[in-house]
Each structure stands twice: as structure tokens, then as C-alpha cells.
Amino acid sequence: MNGHATTVTPRVGVVTFPGSLDDRDAALAVRAAGAEPVALWHGDDDLAAVDAVILPGGFSYGDYLRAGAIARFSPMVATIVAAAADGLPVLGICNGFQVLCEAGLLPGALTRNAGLHFVCRDQRLRVETAATAWTRNYQPGDEITIPIKHGEGRYVASPDVLAELAAEDRVVFRYLGGNPNGSAADIAGVCDARRTVVGLMPHPEHAVDALTGVGVDGLAMFTSVLSGLLSRV
């Protein structure tokens, strides 16, 4: 596939940090999409021959200093940064998005919500681009509902970076029906220039089973990367 795995069934790593909350949910979403979830530990530097990696939500290292600021120095994140430069698909969800920004894999930063309150609700989003490793199974303009739960989800970046993201079609998701945190340009998720690294504040792993009552709008993120990996076999 991408040189990281030897099996036909794609292997998707899910990193656990001290304070991770949603690593098991992310693993379940990977399995629901048809791939094999692989547990990765923050203190290791071996990617265990995975084909893609997810940095899940939670409060890595207790969110001391600021969210994601300590996790970005972990051995596993250093390995992921190097592998991402070689094309490894990487998804950061909520705290994982914060870690990706802190590590320099994605531009901008996530700061305290504009209202200074933790927000937790089902959130409507618009898919702005399907041209990423994690959104190829959506259509641009799709409106989906994905849960959010964060206190530091306000996306900020310089005017130049915001203009670059817009010009290069690198805003992946935008909030609809009200901006929950004050993010610039209603941005809920962005991607890197290679379009293989995606970060978003909403939690697609919580929208993969109809039994949750939210729906399954998040499942396509996980089937998207699976489709892309299988197309390389």
C-alpha cells in the first residue's frame, strides 16, 4: 500500500496519550470502516507497520501549558511527523487536531472558545472539500451532523494563512447553524498541502453507529482513508 504495511487489510494506528479519552472510540470507528485498528503508545517511536494514524480526542498530558503542547514532544508524535512527510495519512480529532497544530503539521492554533465555556452538542457541518485522504467519500457541499465537545476549539491563524487555506481549498469543514467557539471563518477542520493530514474539532468517531442517535455521518471519514489505501494495493 504505502510501504508501511504488509497485509491486505489496512492497519490504522490509534495513539494513546496520558489523558486520551476517545482512543477506544476511534479504534471502534476504524473497525466499523473495515480496517484493523492498532494501538500505539505515546512513549514508543515505532509505528508498528500501520498505513494511517489517528490522534484521538481527550486531554493529552492533562492539557497542561496549553492543549497539545506537551504531547507534541512525545516520541510517537516525532515519528508521525517524519512519516507524514513521507505521505502517511494522519487524522487529528479535537485534542489530536491541537497536537497536529502544535507539532507544525497543520497551520494555525486552537485557543479558548470565544464564550469561555465548554461546548458539547451535535453540530452541523459543511464538507468543503473531498480532495483529502480522509474525505474522499464525501461530496463538497455535503451537510453532516457530528458531535463536538471542547473548551479550546477556536481556530485562529494569521490573515495570510487564512487566505492561503481558502485559495488552496484546504478548509475541510465549516460550522453551520452557528459558530460554537468563534473559529475564524467558521473553520472546523483543515488539511496540509499534501492533503493527507487532516485535523478537525468535531468527533466523527462518535457518529459511526445509528444506535447512538446521532447518525452515521462520521463513518465516511474512516471509509475514505480505507478506500484510498485499498486503491494502492
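This is a predicted model: local features need pLDDT of at least 70, side-chain atom pairs count only at pLDDT 80 or more; totals for chains, interfaces and linings use all residues.

Residues are numbered from 1 along each chain as its sequence is written, and side-chain values use heavy atoms, leaving out hydrogens and water.

Helices (H or I, at least four residues) and strands (E, at least two) are DSSP runs, numbered from the N terminus. Helix α1 spans residues 23-33, and its buried residues are D23, A26, A29, V30 and A33; buried means under 20% relative accessible area, exposed over 50%, with partly exposed in between (1.4 Å probe, protein chains only). Those buried residues line one face of α1, because they fall within an arc of 120° seen down its axis, the arc being that of the directions from the helix axis to the C-beta atoms. On the other side, R24, L28 and R31 are exposed. The cover over the buried residues includes β1, β2, β3 and α5.

Now for N181, in the loop between β9 and β10. N181 is buried, with a relative accessible area of 1%. Its side chain makes these polar contacts (pairs of N or O atoms within 3.5 Å; within protein, one must be able to donate a hydrogen and the other to accept it, and residues adjacent in sequence count only if both atoms are side-chain atoms):

| Side chains | Polar contact |
|---|---|
| N181 and Y175 | 3.1 Å |
| N181 and S183 | 2.6 Å |

Finally, L200 is found in strand β11 and counts as buried at 2% relative accessibility.

Methods: Contact means heavy atoms within 4.5 Å.
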